[in-house]
Amino acid sequence: MDTVPPVPPSRTTGAESVKSEGTDMTENRNETMPAVAYRRSLPVDDPESLLDVELPVPVPGPRDLLVRVEAVAVNPVDYKVRRSSDPGGEPKVLGWDAAGTVVAVGDEVELFEAGDEVYYAGAIDRPGANSLFHVVDERVVGHKPATLSFTEAAALPLTSLTAWEGLFERLGLRGDALGQTGSLLVTAAAGGVGSIVVQLARALTGLTVIGTASRPETVEFARRMGAHHVVDHRGPLAKQLAEVAPEGVSHVFSTAGTDRNLAAYAEALAPFGRIVAIDDHDSLDVGVLKQKSIAFHWELMFTHSLFGTPDQVNQHRILDRVARLVDAGVVVTTANRDLGPVNAANLREAHRILESGTAIGKITLTGF
């Protein structure tokens with residue numbers, strides 16, 4: 001069953017003082033903008049599952065940026081929220097990956113100024129970025145990689161934050177220890193998160209990276225991202241892992257299939273191994289992990305913004321670090337298919353592809 005954390009009512013903020021470039025955005029409260037929203041939870045093949053709408057241009061709060069959105073990417077969280085959180089007829093905007101240009105800032109903003117090019121995933125309890133203008137807290141925003149287009153950059157924020165936090169905060173890996181030993185299993189290594197996990201682990205750690213994939217095109221993509229080995233997640237996983245990591249896997253980054261693979265993880269992991277998971281399940285039989293003292297962690301990159309944690313500015317630092325890695329040629333964008341302008345028809349197609357489970361890398365949309 002696909003689930004997402006409960007989504008609180010959207011936060012709305014007003015600002016009496018807003019710094020902007022060229023225009024005073026506090027005077028534009030009655031202006032509207034194109035956006036894509038949904039009013040009821042409907043199957044993706046229903047033409048009303050996503051709708052083209054006109055909405056008021058939002059006003060940034062004290063720590064917010066007002067961003068003109070140039071490109072967005074689509075993630076499984078988009079369709080999971082659409083299917084599970086019915087807005088009761090009110091327009092709800094999805095979209096938690098964007099790149100664009102800052103056009104105004106709140107009066108307490110310190111990290112950015114109007115004119116900056118940015119990329120970010122935003123917060124799940126605020127309106128998403130499938131709109132021409134979008135407000136976002138500066139503490140979860142990074143400076144866009146200079147070497148990437150807006151479209152290429154939009155593919156990176158949510159997956160990069162998830163991958164970085166999962167690897168270096170939940171699994172406890174060090175990003176500056178290329179001599180460390182062990183092996184990392186990454187499920188669905190050609191997917192959005194998996195393809196970034198593989199790149200970061202290969203570039204910043206000394207672990208042997210083992211990806212899972214089941215089709216020739218996904219195997220090739222996982223290898224191109226940097227996987228040392230690729231095993232078939234449709235086959236007997238523990239047996240395949242024993243062949244490529246006979247000493248036992250030390251870490252698992254489970255992006256999908258955690259429930260059906262947990263017993264295989266327990267068999268394949270060495271004693272005191274670690275697992276981080278990002279997929280959704282009502283229950284898991286974690287008792288199988290006890291004998292080897294295997295640690296299990298969850299990763300949700302929205303936790304920082306949902307709870308206003310004091311360290312949420314770390315997401316700004318992570319995105320800036322990833323941008324530097326991209327500009328240095330260490331990490332590449334995983335944008336793999338652009339469906340054209342941001343509109344309801346194209347977003348329905350993006351949701352349909354993601355729901356089918358056949359996406360490779362990230363799906364993007366560019367312009368309005």
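Predicted model: local features only at pLDDT ≥ 70, side-chain atom pairs only at ≥ 80, totals over all residues.
Two strands count as paired if DSSP finds at least two bridges between them. Keep that in mind for strand E2 (residues 32-38), which pairs with E5 in the antiparallel sense over 2 bridges.

E2 and E5 belong to an open sheet of 3 strands, and the order is E3-E2-E5, with antiparallel pairing. Strand E3 (51-56) and strand E5 (92-93) are the edge strands, so-called here as each pairs on one side only. As background, strands of a sheet pair through backbone hydrogen bonds, either parallel or antiparallel.

In soluble globular proteins, nonpolar side chains tend to be buried together. In this model, the largest nonpolar core has 81 residues, and the members that touch the most others are Leu65, Tyr120, Leu167, Leu184 and Leu200. Helix H4 (residues 192-204) gives this core its largest share, 7 residues. There's also a second, separate core of 18 residues, with Leu241, Ala264, Leu269 and Ile275 among them.

What is leucine 184 in contact with, leaving aside its neighbours within four places in sequence? The list includes Leu167, Leu171, Val197 and Ala201, then Leu207, Thr208, Val209 and Ile210, and also His251, Val252 and Phe253.

## One cavity

How many cavities of 30 Å³ or more does a search of the whole structure find? The search turns up 1. About 50 Å³ of space lies in the largest cavity.

Residues lining the largest cavity include Trp96, Gly122, Ala123, Arg126, Pro127 and Gly128, along with His134, Val135, Val136, Asp137 and Val140. Sort that lining by class and you get 6 nonpolar, 3 polar and 2 charged residues.

## A look at phenylalanine 368

Phenylalanine 368 sits in the segment after strand E17 (362-366).

Setting aside neighbours within four places in sequence, phenylalanine 368 is in contact with Pro34, Val69, Asn130, Ser131, Leu132 and Val342. Then there's alanine 344: phenylalanine 368 and alanine 344 are 24 residues apart in sequence, and their C-alpha atoms are 11 Å apart in space.

Technical notes: Residues numbered from 1 in each chain as written. Heavy atoms only, no water. 1 Å grid on protein atoms, 1.4 Å probe; cavity = no way out; pocket = protein on both sides within 12 Å on 5 of 7 lines; lining within 4 Å. Points joined across faces, edges and corners; volume = space filled by probe spheres on them. Nonpolar A, V, L, I, M, F, W, Y, C, P; charged D, E, K, R; others polar. Core = buried A, V, L, I, M, F, W, Y, C linked by side-chain atoms within 4.5 Å. Buried < 20%, exposed > 50% of the residue type's maximum accessible area, 1.4 Å probe, protein only. Helix = DSSP H or I, 4+ residues; strand = E, 2+ residues; numbered from the N terminus. Contact = heavy atoms within 4.5 Å.
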